[in-house]
Structures are given as C-alpha cells and as structure tokens.
Amino acid sequence: MVEEKRARVILNVTFVRPEKFYISGFYNIPYTQYFYIFLCFVYVMTVIGNVFLLSVICLLKTLHSPKYMIVFNLALTDLCGSTALIPKLLDTFLFDRRYILYEACLSYMFFFLLFGSLQSWTLLCMAYDRFVAICFPLRYHSIVSKRSVAVILLFMWLIIFSFLAFTVGNINRLSFCGSLVIQSFHCDHGPLISLSCNDRSLNKIMAYVALILFMCIPPILIVITYVFIAIALSRISSKVERLRALKTCSSHIILVATFFLPLVATNIASVVTYLHPNIRIINSCFTHTIPSLLNPIIYSLKTEEVLNAIKKLFQRNRLKIIAN
C-alpha cells in the first residue's frame, strides 16, 4: 500500500503539462512579413470567393441538388479551414505572438485537422457523384438523392469529428518535460508529440491511422473511380457525348490535383531526401491555403451550371433595381 502511494507521488511529480508552447516558424529568413501579408490577401480572397459560392448555391433553387450539396460542403470546409489556420498564423508571426496556451494549441490543432480531413473526404464524395452520373446515368437520381447525400455528409462529419477528438484528446496523456518549441508553423501533431518524454506509441499509431484514412484512402479511391469512369467513357461511341461527359469531371479533377498533389509531393520528398524546415513550412502553407482559394474560382468559371446560375442571379437583381 505504501509502495503504491509512493509510485503515485512519483508519477504526479514526473508528469508535466506545460502552460504554453512556442511555435518556431521560419528559421533565419529575412522579410518573412511579406509572405504573411500575401497570406492575408489569400485569406481575404478565400473568404470572398467561398461566401459568394455558398450564397449562389443557397439563393438559386436550380442548384438545390445532391451534387451542389457536396459542393456547398466543400466551400464550407474551405472557408472554415482557412479561418482555422490563417488568422492565427498571422497573429503568431506577423505580430510575433509565438507563445500559445496548451489548451489553445490543442483546439488549434483539432480544427486544422478536422477541416483538412473533411476537404479530403468531400473530394471523394464528389468523385462518387461523378462515378454514378457517368457509369449509371439512368439510375443516378435514385442512387444520388438529396437524402442519401445528406446521410453521407452527416456520417462523414460525425466519424471524422469523433476520430480526431480522440486523437487530439490523447495528447493529454503525454508529459512534456523537455523542449516546448514546436518546429512548425502551427500546432502540428507530429512535431508536438515528438516533444513528449513518456510513451507516445498510441499517439504515433493514431497519427499513422489518420494519415491512411485522410491522405491515402481518398486519393486511391478517387483514382479507382476515374478508372471506371474512363472505361465507361471509352464505351460511348459519340466523341461529342464523350467530351461532354468528360467536361463534367474537369472541375473535380483540377480540385483533386491542387489538393492532393502538393501533399503527396511533400511526403515523398521528405522520405527520399532531406527537406529544409523552411521549404517544408512554405510548401505546407501553400498546400493548406491555395486550394481553398482556387476551389470557388474553379467552380465558378469551369462549371456551366454555376455560371448560368450567377447570370440568372445578376439578371434577377438587375430587374429588381429597374422595377424599383
């Protein structure tokens, strides 16, 4: 009994939960404030573009379809993801407030991971929509209904939210008795858990599972869906019809490329060769901010339905102004 009490006392003494962490950011690069000002511009344009796309989808009934429920979800996660990352990043480095409270760091990490993971799986949902539309056109409306898409999106949000809450919550079992400097531009899961001085094997397992679930499975399944789409298109005899069907996938292919290719390139490069921390930070910044900026632009300019909807919206407002 005495030995048990002594063991508990030693455990309490050696377990260290810091009040704050320090985010290192760039190492020895001059004029970094211009990079952060550029990110500020990216954020403003991301908010304008995604709010505009969300408004167009909400206001026009012609876009109240299962496909645009998924597009709406992507625009929402783009907006929330950028809001979770960029304002705090600017506050940290542009105003040199690099110390962050322990609880705030975990919240920052959770929302950053949540919206990034949702973006990944939303792109997979869009691939599923295109797969059914091209491979099973006659059954499209019975398979991809508003109800089925709503269930898929809700299930996706609940599963990802629960998994990441468990993953981030597990950090509370770690003791940080050494350095408190996070070698990243935000409260990054990998660099943070590497600072702990007790057993972090469960945290590493969760990190690998998260990598497989959110960065490996979606692009693999997207590639598989496009293999089936390519087979279905090859069976269409008319070249015009084939190109028309392919055109409906062009926006999604661009979105997938801008989101996944930089992530895959960074991870491959880090395995094959040494990446300087500054290069990794710049690439990660662009990877997590530029796709959210481009998505509404691509969908507004490349999708005929959205272009026509925007024209109708402007014409309706113009007629209202003339009538008044």
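This is a predicted model: local features need pLDDT of at least 70, side-chain atom pairs count only at pLDDT 80 or more; totals for chains, interfaces and linings use all residues.

Biologist: Let's begin with S120. Why is S120 called buried?

Modeller: The cut-off for buried is under 20% relative accessible area. S120 has 0% relative accessibility, so S120 counts as buried. This residue lies in helix 4.

Biologist: What is S120 in contact with, leaving aside its neighbours within four places in sequence?

Modeller: With F214, M215, P218, F259 and F260. Contact here means heavy atoms within 4.5 Å. S120 and F260 are 140 residues apart along the chain, yet 8.2 Å separates their C-alpha atoms.

Biologist: And H189, is that residue buried or exposed?

Modeller: H189 has a relative accessible area of 8%. Buried means under 20%, so H189 is buried. You will find H189 in helix 7.

Biologist: Which residues is H189 in contact with, its neighbours within four places in sequence left aside?

Modeller: They are M109, T167, I171, N203 and A207.

Biologist: Now the pockets. What volume does the largest pocket have?

Modeller: About 1,400 Å³. Its lining consists of 48 residues, and D188, G190, P191, N267 and R280 are the ones nearest its centre.

Biologist: What makes a residue part of a lining?

Modeller: A lining residue has an atom within 4 Å of a point of the pocket. Several helices supply at least two residues each to the lining of the largest pocket, among them helix 3 (66-93), helix 4 (102-135) and helix 7 (189-193). The largest share comes from helix 10, with nine residues.

Biologist: How does the lining of the largest pocket divide by class?

Modeller: There are 23 nonpolar, 22 polar and three charged residues. Gly counts as polar in this scheme.

Biologist: How much space lies in the second largest pocket?

Modeller: About 410 Å³. The second largest pocket is lined by 18 residues, and K67, R130, R244, T248 and E305 are the closest to its centre. Elements giving two or more residues to this lining include helix 5 (140-143) and helix 11 (304-323).

Biologist: Which helix gives the most to the lining of the second largest pocket?

Modeller: Helix 9, with four residues.

Biologist: How many residues in the lining of the second largest pocket are charged?

Modeller: Seven are charged, beside six nonpolar and five polar residues. Asp, Glu, Lys and Arg are the types that count as charged.

Notes
Residues are numbered from 1 along each chain as its sequence is written. Side-chain values use heavy atoms; hydrogens and water are left out. On a 1 Å grid over the protein atoms alone, a cavity is a set of points where a 1.4 Å probe fits but cannot get out, and a pocket is an open set with protein on both sides within 12 Å along at least five of seven lines; lining residues have an atom within 4 Å of a point. Grid points are joined across faces, edges and corners, and a volume is the space filled by probe spheres set on the points. Buried means under 20% relative accessible area, exposed over 50%, partly exposed in between (1.4 Å probe, protein chains only).
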